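Cover the strand pairing, the helix packing and the ligand shell.

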Amino acid sequence: MGCLSNREAELPAEVDRITRPAAPPVADLSLPGLSLGGHAILGPVSLSIGAQQTVALTGPSGIGKTTLLRILAGLQRHGGTVRRPDRISVVFQEPTLMPWRSVTQNLTLTTGISCREADRLLGQVGLAGRGDVFPNRLSLGQQRRLSLVRAFAAKPDLLLMDEPFVSLDDRLAKDMMQLFMELRESHPVATLFVTHAAPEAHRLADRILRLEGTPATLTELAGIELAGPEPRTAGRSASCQHPV
Ligand SMILES: Nc1ncnc2c1ncn2[C@@H]1O[C@H](COP(=O)(O)OP(=O)(O)OP(=O)(O)O)[C@@H](O)[C@H]1O
Ligand SMILES: [Mg+2]
């Protein structure tokens, strides 16, 4: 890591997770608003994501969550300002694997990791010995796990995930969340993930944001800081059921 600025150097090394003084943000977004197809979708929106924070983005269907994530990822034109790190990984609902490449190549080609490291990661996601097969030989759950581990293998500074646990049965969704927590443990990364599911948001996130209104604006749900996310030690289950 490079030298810290004076301001950053004043921040405590360990950010207290309860009062949570502002960690240096790794990404900021400031939008005057956004119209698509002649409709005002987003109103003025500003957002900062602190280093190693996990932020859940919630809101009704069609409100603009994916659009906001795409703006952060640099995939959507807009008239605002966005500051993002160079190293970003994006996980979409559907695994965006290369069907003509083996499982191992899907891991190594886009991330630059070695085959040995790929083997280790495949073992971590329950795919030991499957490195030579093509992705279409994997179940959807296995493909989603591969996508998630590939995102982490790229060692991003910002991870963006659009409903990464949706349309999986309960057990698979829990497995994926568990895997996310394990990967986050070994590579802490600022994360924004879109979800419709309150338990997911409460289980994984430090902060929960909600998009609502027409055009949509962003609200930070109060109180989550006091409850806090599941401790950053993988292997525990949580049963929060608060509405989001
Ligand atoms: N390229 C586009 N042109 C016109 N309208 C668009 C375009 N992309 C998205 N929209 C509209 O913008 C709105 C926000 O879409 P977006 O996909 O961001 O919603 P969302 O909150 O992610 O919804 P969901 O929860 O269903 O995934 C929707 O009304 C959608 O129809
Ligand atoms: Mg969406």
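**Sheets, ligand shell and helix packing**

Strand S10 (residues 207-212) is joined to S11 by four bridges, and the two run antiparallel. Within this pair, Glu-212 stands opposite Thr-217 of S11. Strands here are DSSP runs of E with at least two residues, helices are runs of H or I with at least four, and both are numbered from the N terminus. Two strands count as paired if DSSP finds at least two bridges between them.

A note on the model. It is a predicted one: local features need pLDDT of at least 70, side-chain atom pairs count only at pLDDT 80 or more, and totals for chains, interfaces and linings use all residues. Residues are numbered from 1 along each chain as its sequence is written, while chains are lettered from A and ligands numbered from 1 in the order in which they are written.

S10 and S11 belong to an open sheet of six strands, ordered S7-S8-S9-S5-S10-S11, with mixed pairing. Its edges are strand S7 (88-91) and strand S11 (217-220), each of which pairs on one side only. Neighbouring strands in this sheet are turned by 20 degrees against each other on average, direction ignored. Axes are lines fitted to C-alpha atoms, for helices over the stretch in contact, and angles run from 0 to 180 degrees between N-to-C directions.

Now the other sheet. It is open, has three strands in the order S4-S1-S6, and pairs antiparallel. Strand S4 (45-50) and strand S6 (81-83) are the edges, each pairing on one side only. The twist averages 5 degrees from one strand to the next. Six bridges tie S1 to S4. Here Leu-31 faces Val-45 of S4. On the other partner, three bridges link strand S1 (residues 25-31) to S6. Leu-29 stands opposite Val-82 in S6, and Ser-30 stands opposite Thr-81.

Helix H2 lies across S1, S4 and S6, running at about 120 degrees to S1. Contact means that C-beta atoms, placed from the backbone, lie within 7 Å.

What surrounds ligand 1? The shell holds Leu-36, Gly-37, Ile-41, Gly-59, Ser-61, Gly-62, Ile-63, Gly-64, Lys-65, Thr-66 and Thr-67. A residue is near the ligand if its C-beta atom, placed from the backbone, lies within 6 Å of it. Helix H2 (residues 65-73) gives the largest share, three residues. By class, the shell has three nonpolar, seven polar and one charged residues. Ala, Val, Leu, Ile, Met, Phe, Trp, Tyr, Cys and Pro count as nonpolar, Asp, Glu, Lys and Arg as charged, and the others, Gly among them, as polar.

Last, the helix pairs. Helix H5 (residues 140-153) packs on helix H6 (residues 170-186) at about 15 degrees, with axes 11 Å apart. The two are therefore roughly parallel, a label for angles under 35 degrees. The contact involves residues including Leu-148 and Phe-152 of H5 and Met-176 and Phe-180 of H6. Its residues divide into eight nonpolar, one polar and two charged.

H5 also packs against helix H3 (residues 103-111), at about 25 degrees with axes 9 Å apart. H3 and H5 are therefore roughly parallel too. Val-103, Asn-106, Leu-107, Thr-110 and Thr-111 of H3 meet Leu-146, Arg-150 and Ala-153 of H5. That contact has four nonpolar, three polar and one charged residues.

Technical notes:
Parallel < 35°, antiparallel > 145°, perpendicular 65-115°, else oblique. Contact = placed C-beta atoms within 7 Å.
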